[in-house]
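Have the model open beside you as we go.

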Amino acid sequence: GGNNGLANRIGVPDKCDETFDVGKSGLSEIKCTADSVDVPDTDKLKKIYYTTKKFDAKQRQTIVEGLLDSSQGIYVRQEGVSTKDELKSMIENTKKFKDEAAAQGDDTSDAWYDSQIEEYKKQMADAPESLPLLENYDDPHAAYTGKYGDKDYTLAISGYSSNDDVDAGMYIAFGMSEAEENSLLDGVTGASYTYVTGASSATNVDLTNMTNECKMSESDAVSQAMNFLSGIGIDGMECTGVEPLVRIWADENGDAKKSEENGYYVTMSRTINGVPVRTGELYNVDNLQNQNGYMYDIDDIAHISVNDDGIVYMYSTLYADSASFETEDVDILSWDDMISKANENIAAYYEKYQTRYGKIDFNKVELRYVTSVDESGKMCYIPAWVFTQSEELRGENTSGEISQLVCINAIDGSCIDLVEDAKKMNLWQDF
């Protein structure tokens, strides 16, 4: 519970040790054993109506020209288009990889390399000499290339889903152009590509004796990440994680040939008045897997890799448009009242959405904003108690993966019907 005002006011215990009714769910047990209960330090939770983020041509222009130097020319890449020069270097690289494999006595992939080369040669016939200069921002799926500092960068802005019927917000990716990345391969024997990642995801390299080569401090990196986002008109994000940034050079099999720690990997997530929005991927939630469909997992989040040279790489999925927020005051139930309502509602939820598990043991409970649809059919964030059961997978240092999830509406104690809501929010795809 913690000793903040809200937790005290609604009587949140320090830890959760509850057993719920199983009702007609067919489960032998439903309980929650959590060492703590995560309640944000806030005075007032609200219901927040919102619409999703969409970029029009004007906003695309603001983002592109905020990042790329228009005085040096900005070029547009339609989907799937490569220039003659790019194809030439793709052919050269493929030949190089083929020769390196042969030098190591491996000719099993020769045919594959040859067919890649043929494919690139075919594309050469219709390939443009250069990418066209930017004329307008009408194409919602274009990518843009230009100078960021003294390097060529590419910026992609599109709908989060390529399916226009899905209302999942926007996707932005910004990073060095392929040619710039390839130039970093020079002198690293056997490396066929290079990428950056946060230290916790760099599981294929040994980081024990590495020191961060970046001069800037962690807090400067976070400020730079925040300024970067506000510069392209993204607000309402808060830093929810920062760790060293690792660049890895790898061969075709993904084995690291070289690695260095240089910079910081900053994660910014949507918060509303200091209260985080629920995060965590849902594809492993057991009872959502047998619904003959797929729920788009929306995260309002930006991952920003930054070092002394500026922004190395950024990708973000932007879901809610904070300019659209309209708030409404709500009262939330005391902890005990919520638990007594949840008692029958969780069993009913598992009766409707069956799981292959014989019993449920939630090991985490957090008060968060969760997306829902109210009686009027409008989308809104509501305060909800998020009960999750996560498994530690494969012994790696990950936060585990969510296998069971129930969200209890903190206003009335009902279970949020994630599947029905996703259908109403156009976040559902039938198989």
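Q: Why is Asp-361 called partly exposed?
A: This is a predicted model, and in it Asp-361 has a relative accessible area of 28%. Buried means under 20% and exposed means over 50%, so a value of 28% falls in between and Asp-361 counts as partly exposed.

Q: How do you know that the side chains of Lys-31 and Asp-361 meet in a salt bridge?
A: The N to O distance is 3.8 Å. The rule asks for a side-chain nitrogen of Lys or Arg within 4 Å of a carboxyl oxygen of Asp or Glu, so this pair qualifies. Lys-31 lies in strand β2 and Asp-361 in strand β17, so the pair ties together parts that are 330 residues apart in sequence.

Q: What makes β1 and β17 edge strands?
A: The open sheet has 3 strands in the order β1-β2-β17, with mixed pairing. Each of β1 (16-20) and β17 (359-362) has a single partner strand, so one side of each is left without a neighbour in the sheet.

Q: Why is Asp-286 called buried?
A: Its relative accessibility is 4%. The cut-off for buried is under 20%, so Asp-286 counts as buried.

Q: Why is the contact between Asp-286 and Arg-356 called a salt bridge?
A: Their side chains meet at 2.6 Å, N to O. The limit is within 4 Å, so the pair counts as a salt bridge. Asp-286 and Arg-356 are 70 residues apart, and the pair links distant parts of the chain.

Note on methods. Residues numbered from 1 in each chain as written. Predicted model: local features only at pLDDT ≥ 70, side-chain atom pairs only at ≥ 80, totals over all residues. Heavy atoms only, no water. Pairing = 2+ DSSP bridges. Helix = DSSP H or I, 4+ residues; strand = E, 2+ residues; numbered from the N terminus. Buried < 20%, exposed > 50% of the residue type's maximum accessible area, 1.4 Å probe, protein only.
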